[in-house]
Amino acid sequence: MTGAFATFTNNTDRDIRIIGGTAEVAAMVEAHEVAMIDGAMKMRAVEGGILIKAGETLTLEPGGLHIMLMGLNKPVLDGEEVSLTVDFDGTEDLTFTWPVKPSVAGDETYEPKKD
Amino acid sequence: MINRRGFLTGTAVAAVSATTAGAAAAAIAADQTAKEFSERANTAVLKKAEPFFGKHQNGIELELQTFTTFIALDIKPETNKAAMLRWMRLLTDDIARIAKGEATVAEPHEELSLGPARSTVTVGFGPTLFEKLDLQNEVPKTFERIPAFKIDQLKPEFSDGDVLIQVSADDPLVLSHSVRALTRDSMGFAEVRWTQSGFTNAQGVVPGGTRQRNLMGQVDGTDNPALGSDDFDNLVWIKDGPKWAVGGCIMVLRRIAMNLNTWDALGRSDKEQVIGRKLSNGAPLTGENETDIPDFEAEDENGLKVIAGFAHVRRASPTNLNERFFRRPFNYDCGLSKDGNPDVGLLWPAYMANLDQYVSVQRRLAEFDLLNKWTTPIGSSVWAIAGGVAEGAILAQELFSS
């Protein structure tokens, strides 16, 4: 698993949501939050996606809201560039090139959906 | 350029004058201006920036910064050329941001990216890297390990290495923060072999330049090629060589320990005799000003040479124009021994297009230079410094894509 972090500014006049994404390197891409679950920091999918209100800027960062790439089909290496499409609700999806960097932060365990 | 602060001040004054007497408004305006001026003066050192993209890497042809840290790294066994290129991609982006005083991507402490403070980062490669990655065809002319000199007492913890990252800045906190960012992004590819830190004068203490006093009291850096001159260009930058090295250079880094306890046992004129220069202003014993050319033939009333045969300036003096290079020395101070002898000396980098420019001079100094009695080289390394980076390109791209 690896996290994707960025700063998004919603320049539209309506709320939008990050609901997931697609990447060639990952089987699944989810919008995640980090929460205290049973006394430990865990990350899980955000119900309904990550909200970015009209005109506002939101930063995805380690230990907070982020996009999670799961089921990597090859190791993602430091200094590589990975293409990742972010799926939005309320605006069209966007594809970016993301530089891969090492990070010691964001070492939470994953709490899969229980349904 | 109208800055934001200036603009806001103007508005405030206008608003005040609408409701109060003109004199009060003028007083407030003067107060604001003084405050603004002092604030600008207080942060002037922080705001100066050195461009990174260009023909040459930054960190070499510029006036001394106040602080520097040299980091030598050894690559991990699995680090191949492709990994080197990925590493250089990360470093290139980091360096470009650091030079502008911006936080690097994914920086966990953005608030520590205070400003540029003339931050520069210079990257070079040691002879062992070319061997490990089978890059012998990419070695710049004359670049190899420097020969052992009989005066050397080299310690492995200050010597050699595969990759060098030199970080310099006018502020120690800015420097430390940059070192952290660059190291963090390097640990996937290499481990740290050694770090060595040095300093010069604080900004605003001495006139600018590359000449400063070292901790033995001597003016160091006299007779350097002038920054921005053709002389500098000819002596330092590689013009003919592998593509990645054109616009780069060869750097020798020596750690030279000083024994100040025994040095200070000498009288003032003895110290001047050892160097061949006056302590007061660095002028040769045969001249008045620092920049005067030493007269090696001059004799005193007893028929003895004014600048003695053993004097450092005589031994170091180039015998031909190919024996000159650019020095950019920093001091180091690592505390005191029990008996009060300071662990001090020079972090002495010399930059040149051709390694022979240095080796011939050092050979002569090692053979005979009275200064050797109080100074000991305890660290030594040699680096091929990559050429400059164009915007959008990767540092040493051609070396690792070959």
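A salt bridge is taken here as a side-chain nitrogen of Lys or Arg within 4 Å of a carboxyl oxygen of Asp or Glu. The model is predicted, and local features need pLDDT of at least 70, side-chain atom pairs count only at pLDDT 80 or more, and totals for chains, interfaces and linings use all residues. Residues are numbered from 1 along each chain as its sequence is written, chains are lettered from A in the order in which they are written, and side-chain values use heavy atoms, with hydrogens and water left out.

**View 1. Salt bridge between Glu81(A) and Arg89(B).** The closest N and O atoms of this pair are 3.9 Å apart. Between chain A and chain B the count is 3 salt bridges. The side of chain A that touches chain B consists of 3 nonpolar, 1 polar and 4 charged residues, where Asp, Glu, Lys and Arg count as charged, Ala, Val, Leu, Ile, Met, Phe, Trp, Tyr, Cys and Pro as nonpolar, and the others, Gly among them, as polar.

View 2. Asp78(A), Gly79(A) and Lys101(A) supply 58% of the area that chain A buries against chain B, more than any other three residues. Buried area is the accessible area (1.4 Å probe) that two parts lose on being put together, summed over both.

**View 3. Hairpin of β4(A) and β5(A).** Strands β4 (residues 26–37) and β5 (residues 40–45) of chain A run antiparallel and are joined by 6 bridges. Strands are DSSP runs (E, at least two residues), numbered from the N terminus, and two of them pair if DSSP finds at least two bridges between them. Glu33(A) has Arg44(A) in β5(A) as its bridge partner. Of the hairpin, which has 2 residues between the strands, Asp38(A) takes a positive phi near 50°.

Key: Helices (H or I, at least four residues) and strands (E, at least two) are DSSP runs, numbered from the N terminus.
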